[in-house]
Number of protein chains: 2
Amino acid sequence: MKVTVNGETREMRALWMEGEIIKFIDQRVLPERIEIFQARDYNDVAFAIKDMVVRGAPAIGVSAAYGIAQAYMQGRDLKRVADILSKTRPTAYDLFYAIRYMMDRIERGDDPIRAAEDYANDIVERSRKIGEYGNKLIKNGSRILTHCNAGALAVLDWGTALAPMRMAKREGKDIFVWVDETRPRLQGAKLTSWELKNEGIRHKIIADNAAGLLMKRGEVDLIIVGADRIALNGGFANKIGTYEKAVLAKTHGIPFYVAAPFSTIDRGIRNEDMIPIEERSQDEVLYAGKCRIAPDGVEAYNPAFDVTPPDYVEGFITEYGILRPDEIEKRFSP
Amino acid sequence: MKVTVNGETREMRALWMEGEIIKFIDQRVLPERIEIFQARDYNDVAFAIKDMVVRGAPAIGVSAAYGIAQAYMQGRDLKRVADILSKTRPTAYDLFYAIRYMMDRIERGDDPIRAAEDYANDIVERSRKIGEYGNKLIKNGSRILTHCNAGALAVLDWGTALAPMRMAKREGKDIFVWVDETRPRLQGAKLTSWELKNEGIRHKIIADNAAGLLMKRGEVDLIIVGADRIALNGGFANKIGTYEKAVLAKTHGIPFYVAAPFSTIDRGIRNEDMIPIEERSQDEVLYAGKCRIAPDGVEAYNPAFDVTPPDYVEGFITEYGILRPDEIEKRFSP
């Protein structure tokens, strides 16, 4: 992705490995400043995932892959590291997929560092293909709504939901994006807006509450979101609030697409209601930055994800093309 | 309403008049601290409405009524003051209703100060009746969801949406309230939560995005919201995000009620799409408190209200009982 640092624009990935160190663009401090978080061992990697230095299902997967390569270089017990990393966050499936990928490659005798770089380059290529397939859905003049950040920061480069928009822009299409701010952590306002600005894509941030009004007024042509885990039936989990947008899209006849690589599909889960939903700290709701926004002593409830049944999904934009929800099951059923 | 100041609980209204001064609980600084804003002339009253020292359709109406009484005491041109006050905010109908009420009473030769106090006492009595009628919908153990603040702060006392909950609690029912935080201005997290805490009503604050998940899981029995303007067809305008909750409520078969006095019904507007929608400053979205949450140079779109068609409304809880949407039209049609 294009990142402008001190007036100079260059290509960067959301995370990468230099020697034994895994470097992350620290997503906790964007867009205010660009800081690099350095993970020197598996504890740092686990912290980076838990504390959301890095987030987004595919990027979490890459973090785990690099984390295992790093542990190998440092002579750690790989099974123990894999176990620790797998317990950092419960919902994003790519985390478990990447760990299994790494352990399989290592079992086969492959070099773990090479395996992790393969995984990283592969996910970039998959997201580029998602961009190509998704671009076909975007017309010149399309007004697209997205929720949370399913961009290059959530993958490594390109993104999932944002990949088609990047591709459309680079092809010269004039597009406009409505960016849900995405409370409580504001990944839309902070991260998606930052990526779209860097890419020169026209957009406006809205309170999550405003999406329904825009759909009712006919100001949204297309919705594309990412996914944290996709079940075999074509239901999926994504950032809290996604389900609300899906229901509203159906009410208004607006096509609702989910962009995700196959590494987000969990063959072991039949339907979306079986996907474990992470509950995060109440403070993400009770505070805005360092300011408490609620009275002392009151409580919040903070589920980080929700689930959307398959009948709300027009299609999954994957690296193998656009699949209807029922085609997910067909691809993986024995 | 019960307000605890320095450990001492007492009864207060959201605003009142002392001599020529109109005093408001300053809703911009709640729940952090309780400050009284003093409006010494009509300019102060106009500022208090525009800047949301006071908000909520019925309370805006009372502010205008007191503002006209104050202008009379100060020997101002009442028509000019009425005109200035009527241009403070465009959506809440009670503002126009209260101004007309005052001008009619003055034309009939009534004392304006007496008329304003009548208006204020009347709205409190109406909201108490809304509480009584609405209380019939609430069962012991009910889990109720509300959006924004349609409480005593938005009326003077009791509230509209919160009046039934107050009544249920005082009758000894065990109830629980899901409080939408209500971005961008967070009236749910800041004001509704403060009122419910003062009243001892169990509740949790949620990001607006989480309401859909809770409805899907069957954790919401009933939804009650307020209204800023009701059209003759039974459609209505309310805080941005209300429409999203109404659509989700219908999807999940959850009864969705609107609590409002008749002063919120605009007989001059046939359907909800004709209601003027206020657009407020982008900064309400781009900043959380004093911190900018978005990259420099990007824009937001900030409609303050949305509109909900009548087919999403189970009933209007009014001072004259609970009306179906089609009964609004029957009450007022010539």
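Reader: Why are H1(A) and H3(A) called roughly parallel to each other?

Author: In this predicted model, helix H1 (residues 42–50) and helix H3 (residues 78–86) of chain A pack at an angle of about 15 degrees, with their axes 9 Å apart. Angles run from 0 to 180 degrees between N-to-C directions, and axes are lines fitted to C-alpha atoms, for helices over the stretch in contact. Angles under 35 degrees count as roughly parallel, over 145 as roughly antiparallel, 65 to 115 as roughly perpendicular and the rest as oblique. H1(A) and H3(A) are therefore roughly parallel. Residues are numbered from 1 along each chain as its sequence is written, and chains are lettered from A and ligands numbered from 1 in the order in which they are written. Local features need pLDDT of at least 70, side-chain atom pairs count only at pLDDT 80 or more, totals for chains, interfaces and linings use all residues, and side-chain values use heavy atoms, without hydrogens and water.

Reader: Which residues make the contact of H1(A) with H3(A), and how many of them are nonpolar?

Author: Tyr42(A), Val45(A) and Ala46(A) of H1(A) touch Arg80(A), Val81(A), Ile84(A) and Leu85(A) of H3(A), where contact means heavy atoms within 4.5 Å. Six are nonpolar, none is polar and one is charged. Ala, Val, Leu, Ile, Met, Phe, Trp, Tyr, Cys and Pro count as nonpolar, Asp, Glu, Lys and Arg as charged, and the others, Gly among them, as polar.

Reader: What makes H1(A) and H2(A) roughly antiparallel to each other?

Author: H1(A) and helix H2 (residues 57–73) of chain A pack at an angle of about 175 degrees, and are therefore roughly antiparallel. Tyr42(A), Val45(A) and Ile49(A) in H1(A) meet Ile60(A), Ser63(A), Gly67(A) and Gln70(A) in H2(A). This contact has four nonpolar, three polar and no charged residues.

Technical notes:
Helices (H or I, at least four residues) and strands (E, at least two) are DSSP runs, numbered from the N terminus.
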